[in-house]
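Let's walk through this model one piece at a time. Keep the viewer open and follow along.

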Amino acid sequence: GGKKNYVEISSCMFKFTVNFLALTDAISLKITLHDQKSVEAIWQNFLLIFSCSNEEESVIELHQQNSSEIREKVNALVDEFKYDLPQLKTLSAYFRKLKESEHFYFLPNLKLDQKEIQKLYFNLRAIDKRIDFNETEMQFDDLFGDLFKNYHLKTVGPKRIYIGEKDKEKRVCRFCQNKSKPLTFRNKAHGISEALGNKTVVLLEECDECNDKFSKTIEPDIIQYLALFRIFYDVKGKGGSKKFKGDNFEIKNDGNVELKFYSADDLLLIHDKVKLDGKETISLQNIYRSLCKFFLSVIDSEHLPAFTDTIKWINHDLEVAQLPKMGQLISYHGFTKQPKLVTYRRKTDDINIPYAVGEFYFTCVVIVFILPFTTKDEKDFTSESDYEYFWDTFQHSKRTDGWEFIDFSNDTKKKSTININFSSPQSHSKRTLS
């Protein structure tokens, strides 16, 4: 009798949402139709696939395992409603992607916060590694307990999202407060640079003037900084695959990565090390500005007043000599070709930790950065002790080995150098940027 409660009515539209969460991937499907009977029929089919029945009632099983039986039922569902809901095809693709017998969660119309989602991921990892459930609970609280107590979390990147006011007549540009002349919102502004492979995160509240300015002033620097990873993993930005050219080299990826030097004299292979000299000049501060610009592009607009001076700095209207260090890690654990950004916004009055922190993922690169100049901060976190106290609250990051803490305060344009270290297959290869 309670099954129909999952179908919501909104402005004569009948809808429900189903989410699937597995270690391999996650997917969210919104089912929306004018016809109530059709929506309820689809819902009944989902129940048949992902619930077990006894003589008295049907019980939805949130925890499931992928199987050929489930895939057959999903394919039958997709085939039955393929004309009304062609987007259901992604469901078949999703279950083909999951491993045989892989554990996953079926979450119908359940709105989970970031803590609950992380806990489900931890449970899946515990099952995958055959770790005791109670031990996993303790590990989760140890790593994330203080983090969720201190911060609101939001993740963007994996799913398509349009951020900001949809009505162009009501829009206010986040970065110039509509002071640009002429003010227009014709072009698509990506919340994270499209050149870094972002196809899903779009900011509606960035005017064409600001969008054009940032694409010429600060964003080329972070694109250049991450160019080696972009080429190596063939991340397709605007216009598809790119080459990476320097003063003494060229790298391209046509299915195989090819590193070509312009002359034999340029190949300085000394003790398995190669030095690549960049062609373009970059400002380290512009890399920091770009990351903060990404952060301010994806948060809710109601929080922007706290970042007035941060926006001035991004626009080069505020000069600064010293910034907090940024943590950088090379890790394949969260590898992604679609860039991902996790925003942390403080929910307490503890001035000993930063008000806003970003965690940026691009291929195998992870960068953690503090948003400077907010009105909610009394410290600038440039001192060693203040930064160390902050880092202690990020236990999920701190307990991972390999972090470098880099000073991005220099605002002078300089050519970049990439040092590649080669080693035997047994000891793997290493790449470092400087």
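**A strand pair to start from**

Strand S17 (residues 336-346) pairs with S18 in the antiparallel sense over 7 bridges; two strands count as paired here if DSSP finds at least two bridges between them. Helices (H or I, at least four residues) and strands (E, at least two) are DSSP runs, numbered from the N terminus. Before going on, note that this is a predicted model: local features need pLDDT of at least 70, side-chain atom pairs count only at pLDDT 80 or more, and totals for chains, interfaces and linings use all residues. Residues are numbered from 1 along each chain as its sequence is written, and side-chain values use heavy atoms, with hydrogens and water left out.

Back to the strands. Arg345 stands opposite Ala356 in S18. On to S19 (residues 365-370): S18 and S19 run antiparallel and are joined by 6 bridges, with Gly358 having Phe369 of S19 as its bridge partner. A hairpin through 1 residue links S18 to S19. How many residues of strand S18 are buried? The count is 8 of the 8 residues in 356-363, so S18 is largely enclosed by the rest of the structure. Buried means under 20% relative accessible area, exposed means over 50%, and partly exposed is in between (1.4 Å probe, protein chains only).

**The whole chain**

Zooming out, the chain has 12 helices and 22 strands. Of its 434 residues, 46% are buried. The accessible surface of the chain is about 22,900 Å², and carbon and sulfur atoms hold 48% of that; the areas come from the Shrake-Rupley method with a 1.4 Å probe, and for residues only the protein chains shown count as cover. Now for contacts, meaning heavy atoms within 4.5 Å. Among the contacts in the chain with a separation of 6 or more, 69% are between residues 24 or more positions apart.

Next, look at the helix packing. H1 (residues 36-50) and H2 pack at an angle of about 170 degrees, and their axes are 10 Å apart. Axes are lines fitted to C-alpha atoms, for helices over the stretch in contact, and angles run from 0 to 180 degrees between N-to-C directions. On the H1 side, Ile42, Asn45, Phe46, Leu48, Ile49 and Phe50 meet Ile70, Lys73, Val74, Leu77 and Glu80 in H2.

H2 (residues 68-80) also meets H3 (residues 89-97): their axes come within 9 Å and cross at roughly 165 degrees. H2 and H3 are therefore roughly antiparallel too. This contact is made by Ile70, Arg71, Val74, Asn75, Leu77 and Val78 of H2 with Lys89, Leu91, Ser92, Phe95 and Arg96 of H3.

**Two open sheets**

S12 and S13 (residues 249-253) pair over 2 bridges, and Lys245 has Glu250 in S13 as its bridge partner.

Another open sheet of 3 strands has the order S9-S11-S10, and its pairing is mixed. The edge strands are S9 and S10, each pairing on one side only. S9 and S11 (residues 201-203) run parallel, joined by 3 bridges, and Ile163 is partnered with Leu203 of S11.

Most residues other than glycine have a negative phi, and most peptide bonds are trans. The loop between S9 (161-163) and S10 (189-190) holds Pro182, and a cis peptide bond joins Lys181 and Pro182, with omega about -10 degrees. Gln177 is found in the loop between S9 and S10 as well; Gln177 is not a glycine, yet has a positive phi of about 55 degrees. His316 has a positive phi too, near 65 degrees, and lies in the loop between H10 (308-314) and S16 (326-330). His316 is partly exposed, at a relative accessible area of 39%.

Finally, find Ser283 in the loop between S15 (273-282) and H9 (284-298). Is Ser283 buried or exposed? Ser283 is buried, because its relative accessible area is 1%. Leaving aside neighbours within four places in sequence, Ser283 is in contact with Asp221, Arg289, Asn410, Asp411, Thr412 and Lys413.

Technical notes. Parallel < 35°, antiparallel > 145°, perpendicular 65-115°, else oblique.
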